[in-house]
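Try each one before you read its solution.

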Amino acid sequence: HAKNLAKIQKNEVSFVIHNLPIIAKMASISKACGNMFGLLQGHSAETSGGLLMALPREQAAAFCKDIEKQEGYQSWIIGIVEKGNRTARIIDKPRVIEVPAKDRDGELW
């Protein structure tokens, strides 16, 4: 998602991802499998997916709180936007955020 979003920005920016929301227990499973699917590099579906958007830094935390209050789902600030060449990258040792599956009206997301 991040690379696609960076490519279409009006300004020449890059996204630097520091936090990686991942479905709970997938990081340890990935490690046990020799990281063959590139989970911590953002190439695997077990990264918690969802909506990715770029917001002004001063509005991001309040937006995350509003999403949780209105929708009942947690959201995270995963990185920063910096001047760049329309790319996205994950830092070498991102903070892994284990996201538990949430049962909501019989649906698992």
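**Exercise 1: the pairing of a strand**

Ile17 stands opposite Gly79 in β2. Before going on, note that this is a predicted model, where local features need pLDDT of at least 70 and side-chain atom pairs count only at pLDDT 80 or more, while totals for chains, interfaces and linings use all residues. Residues are numbered from 1 along each chain as its sequence is written, and side-chain values use heavy atoms, with hydrogens and water left out.

Task: work out how β1 pairs with β2 and with β3.

Solution. Start with the terms: strands are DSSP runs (E, at least two residues), numbered from the N terminus, and two strands pair if DSSP finds at least two bridges between them. Next, take β2 (residues 79-83): five bridges join this strand to β1, and the two run antiparallel. Then turn to β3 (residues 88-99), which pairs with β1 in the parallel sense over eight bridges. Here Ile17 stands opposite Ile90.

**Exercise 2: cover**

Task: decide whether β1 and Ser44 are enclosed or open to the surface.

Solution. Buried means under 20% relative accessible area, exposed over 50%, and partly exposed in between (1.4 Å probe, protein chains only). In β1 (residues 13-23), nine of the eleven residues are buried, so the strand is largely enclosed by the rest of the structure. Ser44, at 9%, is buried. Leaving aside neighbours within four places in sequence, Ser44 is in contact (heavy atoms within 4.5 Å) with Phe37, Gly38 and Leu39.

Definitions and conventions:
Helix = DSSP H or I, 4+ residues; strand = E, 2+ residues; numbered from the N terminus.
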